[in-house]
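Let's take a friendly walk through a protein structure, one part at a time. Have the sequence and the 3D view ready as you read.

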Amino acid sequence: MIVETQIIPFSQWFIPALSIFGAVVGILLLIIAFAGVVSGTIRNGPRRAFVNIFKTIGSTFRDIFTMSPRRIRALAWLAVKDSIRRKIVVVFAVFIILLSFAGWFLDPGNDHPLRLYITFVMSATNFLVLLLVLFLSVFSLPTDLKNKTLHTVVTKPVRPSEVVMGRIIGFSAIGTFFLVAMGLVCYLFVTRGLNHTHQVDVSSLQAVADAAPNDQGLFPMRGRSTFNSRHRHTLEVNASGKGSLEVNKDHWHPMVRLKGDGKKVEDYAVGKPEGMLVARVPVYGKLRFYDRERIEKKKGVNVGDEWAYRSYIQGGSLASAVWTFDNIRPEEFPKNIEVEMTLGVFRTYKGDIVSAIPGNLYIRNPKTGLTVERPIFLAKEFVTDVQRIPRIIDDPDNVFYLDEKETGDNQSKTVVRRQAPPELANKAQFDLFKDLSYDGSFEIWLQCLDQDQYFGVAQADLYLRAKDAPFYLNFLKGYFGLWMQMVLVVCIGIMFSTFLSGPVAGIVTMGFLVMGLFRSFVIDLGTGNTWGGGPVESFIRILTQQNVVSDMEESFRTTVAKTADGILMFLLKAVSHILPDLRQFGASDYVAYGFNIPGDWIAERGLTTLAFAVVLFLLGYFFMKTREVAKQ
Amino acid sequence: MTRQQRFTRKLIYLVIIFGLLMTLYYLGHPSTRSAEGEAGSPGGVLAQMRTEEKLDQTQLGQIDPASETLRLAMFGFRGIAANLLGLKAIDYQRTKDWSNLSATLNQIIKIQPNFLKVWDHQAWNLSYNCSAEFDGYKDRYSWVVKGLDFLKKGIEYNENEPLLIRSMGRITSQKIGRSDEKKQFRRLFIADDDYHGSRPKSERDNWLLGKQWYLNAHELVRNKGAIRTGTSPLLFYSEPPMCQMQYGSALAEEGVFGEKAKKAWSDASDDWIQYGERDIPTPSGAFIRLGDIERLHKEYSKLINELDKLAGGAREKLYKRKYEQLTKAQIMAIKVPEKLQNKDQKALAYEAKELLTVTPDEIARQATGANRNKANKLLEKIEYIDMDIKRIKRNQGVVNYDYWDLRAKVEQTDKMLEARQSTFEADKAMRQGNLPKANQDYLHAAEVWNLVLRESPGILSDKATEDDIDHLLKQYSKTLEQTDELYPDNFPLTWFVSFVVDHNDKMSRLIQAVNRGDESFNAGNYPEAQERYSRAIELWKLILAENTSMYQMSDPNTGSRILALVRRYAKTLKLMGMPFPDRFALRGFVWMQVEHSQTMRTIEGAVQEAHQLQSENKLPAAEKEMDKAIFAWESLLERYPSLIGDKSICNKIIEQMGLYRKILEAQNRPLPDPFPLQEVLDRYGSSK
């Protein structure tokens with residue numbers, strides 16, 4: 001999976017995030033207070049203004065901290081009933097219809113079917129639920145105000161804070177209900193949709209060359225399966241009858257020869273797909289590079305790829321990519337360590353077209369420098385290749401030391417290879433955790449062996465695979481991400497609906513939703529990092545059919561356009577910085593690529609959602625309080 | 001508003017609504033068919049226009065319910081959606097997210113199933129760009145097939161579009177048959193049951209399937225009135241026969257000869273002749289037949305003869321008059337053989353040739369009396385035919401018509417098949433390390449190639465044949481290199497090497513440099529001569545790099561020319577009192593000749609013998625052997641004066657002279673004075 005931004009551990013994230021949050025909220029409160037003082041001074045004079053401010057602060061504290069859970073529950077239930085009255089079940093019907101016809105749009109021949117299915121179901125759920133809660137939240141309060149139904153509420157001893165909180169909880173409950181229902185349906189849709197089986201294509205079976213038969217004279221066989229669900233597998237079955245359909249489209253099937261001589265289809269039983277619905281728990285290391293003179297670098301070679309995610313190491317040289325893994329506990333890896341890697345391969349010349357590029361892995365103790373070499377492997381591009389490192393490494397091909405040293409100019413580090421003493425070089429077994437790691441840390445070195453060919457890697461391209469988490473739990477976590485987005489949209493919608501009419505609040509919330517989903521693009525627009533200038537300039541370019549690259553001619557019109565753009569872009573930049581980045585809450589990629597959503601992610605996003613919800617609730621409360629109806 | 005007014009207003013609304021509905025019905029009601037499929041109502045104006053312009057969905061191809069649903073659900077926003085998806089697809093490709101890329105492409109085509117360029121471009125993108133991103137050739141192949149599958153789907157939705165069918169033909173034939181991995185791709189394509197389904201293996205050749213797709217496109221244009229887009233008719237109709245030709249070539253590369261290969265080329269020849277007989281429209285609107293040129297030439301000659309008769313010897317008179325008007329320089333230029341002409345002479349000769357041309361118009365004007373009218377009529381015909389000939393020739397050049405015509409005929413001959421089979425067998429023997437067989441087969445192939453080329457020199461007009469022979473020469477050179485031999489004296493393709501070298505684009509500059517060098521040498525301007533010769537030697541180095549077989553003397557005459565130049569260069573340097581340069585451009589070539597010369601063998605034999613005799617203390621006999629070696633070295637240095645600049649060879653000489661010195665010292669004698677190899681000792685230090 002592509003991980004362009006690493007998740008920061010919660011312990012490192014919390015304090016800086018809290019201080020930023022405190023600063024933002026503080027500034028916001030100061031702005032509100034300042035605005036209150038100014039408007040109060042204009043209307044009633046400065047003394048009265050300050051008195052009113054203090055009174056407001058006092059009543060705010062009272063409204064916030066003496067909210068009645070009972071009244072909130074009643075108001076939330078009112079919101080739910082209001083929603084049911086609006087026939088929201090239609091959304092669920094739309095969802096079911098969408099899912100029923102999903103098969104038309106999903107390509108079963110895709111190389112990674114799970115990715116396709118998960119992306120589809122989670123996007124469909126997300127958009128439907130977001131739109132649902134958006135419309136519910138923005139129209140509810142204004143409609144009640146218009147129909148005067150809110151007056152019947154506010155004549156009761158209800159605080160404005162409770163009105164806002166009740167709506168947030170009520171609509172969030174509706175959204176939650178829909179998410180749960182849709183999640184259940186989606187889970188069934190995905191698991192059933194991807195479930196399939198094959199039969200053995202007996203005509204394709206051939207005895208493995210140079211293999212010995214078993215007691216009954218049966219040979220190990222190789223062949224292929226039948227073509228089902230737009231794919232087939234190659235298969236291998238050993239002499240005793242056990243085998244598997246090899247990995248294709250991210251899964252494999254267990255198979256066994258049941259009876260007979262294995263010449264009939266019925267002689268074999270093929271199991272369900274395995275390895276597809278997984279939630280890998282990757283343990284990432286920290287990546288550094290050595291160039292071909294083995295000088296340490298932060299990045300490898302750029303081979304001219306437009307996408308600079310991967311850095312490359314030159315083959316047939318000392319260039320290496322090194323991952324350092326810390327805090328690895330032996331109990332997490334009882335038998336062996338599965339290293340999963342996805343390499344990029346760059347050839348400077350075609351070379352041997354048929355053969356893959358060979359590579360090598362070393363395991364190094366970061367403290368002592370003791371290094372053992374693993375057997376050579378052949379690179380598989382765009383595929384997750386699994387290399388198993390046993391806890392006890394028997395008879396390694398090569399044992400030596402890689403000693404860290406400063407370079408001659410003391411500007412950077414290098415490593416120097418040193419022969420291991422004979423007793424180590426001839427040692428039969430090496431314990432990964434005793435000999436090759438120090439305090440739970442060890443290094444994995446990757447080298448490309450083919451002269452002038454390159455391997456490309458990024459930090460997340462090589463990781464240790466710990467015990468998998470349950471897929472259903474990961475699926476649930478993915479839906480938790482959607483839930484957080486839904487709550488944010490509810491809060492934004494309610495906040496705007498406290499002072500805007502329904503349609504206007506709807507448009508503004510929709511704007512926030514779109515900008516939140518494309519926040520990075522909006523930031524780029526605001527900071528002028530996109531082609532074609534600001535909105536006015538772009539509009540002129542469209543009308544005059546000018547390309548986005550060349551500068552506009554110097555004229556009065558251009559000056560006006562650029563000045564207007566400057567103001568608009570400043571506003572855009574200011575808005576973009578307080579927008580919640582809704583994409584950050586999307587975790588469908590994790591589920592789709594079969595990676596466990598880390599606890600840090602949940603905690604950080606959860607707290608972020610809470611922070612936004614608190615601020616939006618407070619803003620909603622203030623706006624509600626300023627409305628006439630609430631004062632009565 | 002009164003009740004009456006309200007009623008009137010409603011009535012007006014109803015009338016307007018009815019009027020609009022009727023207009024809408026008149027314009028837009030669909031055509032109908034009975035349950036038996038018989039034509040019913042032709043539909044409204046728009047429906048009729050759709051039918052006329054072949055834009056009706058049912059006329060475009062199959063209808064996909066998913067696509068239709070999506071398009072309806074888009075409410076006219078599909079253009080925007082397709083653009084956004086297009087941008088997403090570009091981003092997925094940039095970040096190498098292949099599964100999302102193919103999923104996004106599937107979404108785009110659901111939205112715009114009849115946008116041909118999307119199908120065409122993205123199929124090409126999948127088969128060419130995406131496949132090239134993968135390192136494993138099997139992955140690359142699977143992406144080529146993904147492109148083909150994509151196009152197949154496009155053809156289902158757009159059955160009457162030759163553009164997509166041609167693309168299918170192009171990818172099937174060219175991508176699979178011409179990639180660097182063609183050997184593997186063709187093998188995988190034949191074995192691909194999932195792609196071919198029930199198609200028998202014998203019908204799975206990519207070139208033949210490609211040809212079939214091209215023919216399907218022709219069929220659509222010819223019989224269903226489909227519009228040909230994306231290429232000129234000339235190329236459009238050349239595609240199937242070219243596929244057949246490539247099929248023949250592929251068979252030879254894969255070692256399939258005999259009747260199958262013969263049949264492949266015979267079919268190719270028939271297809272090409274058929275292509276030549278086809279009426280092909282040209283941009284001017286006139287139709288041409290590429291195969292008509294011979295007939296037109298005959299007719300042209302006949303008419304010219306008639307015209308000449310009518311004008312009674314006017315041609316000769318006109319030519320003579322024109323010749324007399326040429327300048328002296330022009331006359332001199334046309335007398336110089338074309339190969340030896342310098343740039344100015346070439347220009348003058350061209351001018352002269354133009355001036356000497358007697359046109360039919362000039363001849364016709366010479367006719368008098370009643371013949372004048374006849375001549376004018378003939379002239380009209382001649383000009384018309386001449387125009388046709390020129391048009392055909394221009395178009396023939398585009399598809400290399402004559403070459404492929406001849407090639408298809410020659411390739412089916414037994415000799416050609418034998419030549420190719422011998423080369424194939426030799427390559428195989430070479431790979432297996434069976435040098436004697438490889439050597440023998442290459443030589444045999446060269447003999448047969450020689451016969452083929454002598455009989456049909458026209459096939460040398462295209463680089464493809466030159467490349468085939470070049471491959472043979474390179475491989476044969478390798479076997480000779482391993483057996484440490486030079487080309488045999490009677491190598492049958494010596495003339496071919498000479499031909500290729502003489503037609504090298506650097507040759508005219510080289511000849512010019514040598515000629516000017518000679519002129520300067522004869523005039524005693526040695527610095528100028530040295531510079532010119534140096535330039536010529538550099539050019540020879542470049543030519544040799546393109547014709548590596550020359551190192552092993554595949555063309556002794558050309559080799560002698562090079563060595564003669566080296567000697568002249570050495571002589572010039574000597575006259576200037578300059579030493580021969582250390583880094584001599586043709587050092588490798590010269591050393592190869594020296595190494596394989598009889599003299600060198602004599603030297604090695606003599607030195608070895610001298611060693612033996614010295615160890616047996618037979619000093620006078622050893623000295624005699626060394627004298628023999630020294631004499632041989634002296635003659636070698638005289639024949640190959642550049643050796644003096646070759647440090648490694650001179651070190652070898654010095655080493656051997658060390659032995660000579662020891663032999664002499666053992667007899668209490670110094671080196672003779674003058675010593676024949678003193679120049680070597682002076683330049684590189686004396687032996688010890």
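## Chain A as a whole

Please keep in mind that this is a predicted model. Chain A has 632 residues, and 46% of them count as buried. Its secondary structure comes to 17 helices and 24 strands. Along the principal axes, the C-alpha atoms of chain A fill a box of roughly 95 × 70 × 55 Å.

How do the contacts in chain A relate to the sequence? Among contacts with a separation of 6 or more, 72% are between residues 24 or more positions apart.

## Where chain B meets chain A

Together, chain B and chain A bury about 2300 Å², with 51% of that area on carbon and sulfur atoms. Chain B brings 27 residues to the contact, and chain A brings 24 residues. Seven salt bridges cross this interface, and nine residue pairs are in polar contact across it. Which parts of chain B supply at least two residues each to the side that touches chain A? They are helix 4 (65–73), helix 6 (98–111), helix 8 (137–157) and helix 11 (193–196). Helix 6 of chain B gives the most, with seven residues. Sorted by kind, the residues on this side of chain B are eight nonpolar, seven polar and twelve charged.

The side chains of B:Lys146 and A:Asp111 meet at 3.0 Å, N to O. In another salt bridge, the closest N and O atoms of A:Arg232 and B:Asp194 are 2.3 Å apart. A:Arg232 lies in the loop between strand 2 and strand 3 (234–237) of chain A, while B:Asp194 lies in helix 11 of chain B, so the pair joins two chains. A:Arg232 counts as buried, at 17% relative accessibility, whereas B:Asp194 is partly exposed, at 36%.

Is B:His196 buried or exposed? It counts as buried because its relative accessibility is 7%, and buried means under 20%. The side chain of B:His196 reaches the backbone oxygen of B:Phe189 at 2.7 Å. Beyond its neighbours within four places in sequence, B:His196 is in contact with B:Phe189, B:Ile190, B:Arg204 and B:Leu209.

## Strand 1 of chain A

Strand 1 (residues 200–207) of chain A holds A:Val202, which counts as partly exposed at 23% relative accessibility. Leaving out residues up to four places away in sequence, A:Val202 touches A:Gly262, A:Lys263, A:Lys264, A:Val265 and A:Tyr268.

A salt bridge of 3.2 Å, N to O, links the side chains of A:Arg224 and A:Asp201. A:Arg224 lies in strand 2 (residues 221–225) and A:Asp201 in strand 1 of chain A, so this pair ties together parts that are 23 residues apart in sequence. A:Asp201 is buried, at 15% relative accessibility, whereas A:Arg224 is partly exposed, at 23%.

## A helix of chain B

Helix 31 (residues 619–639) of chain B has 21 residues. From its first C-alpha to its last, this helix reaches 30 Å, close to the 30 Å expected at 1.5 Å a residue. Its buried residues include B:Leu619, B:Met626, B:Ile630 and B:Trp633. The buried residues of helix 31 pack against helix 29 (587–595), helix 30 (598–615), helix 32 (647–666) and helix 33 (678–684) of chain B.

Methods: Residues numbered from 1 in each chain as written. Chains lettered and ligands numbered in written order. Predicted model: local features only at pLDDT ≥ 70, side-chain atom pairs only at ≥ 80, totals over all residues. Heavy atoms only, no water. Helix = DSSP H or I, 4+ residues; strand = E, 2+ residues; numbered from the N terminus. Expected span 1.5 Å × (residues − 1). Buried < 20%, exposed > 50% of the residue type's maximum accessible area, 1.4 Å probe, protein only. Contact = heavy atoms within 4.5 Å. Buried area = accessible area lost by both parts, 1.4 Å probe. Salt bridge = Lys/Arg side-chain N within 4 Å of Asp/Glu carboxyl O. Polar contact = N/O pair within 3.5 Å; in protein donor to acceptor, adjacent residues only side chain to side chain. Nonpolar A, V, L, I, M, F, W, Y, C, P; charged D, E, K, R; others polar.
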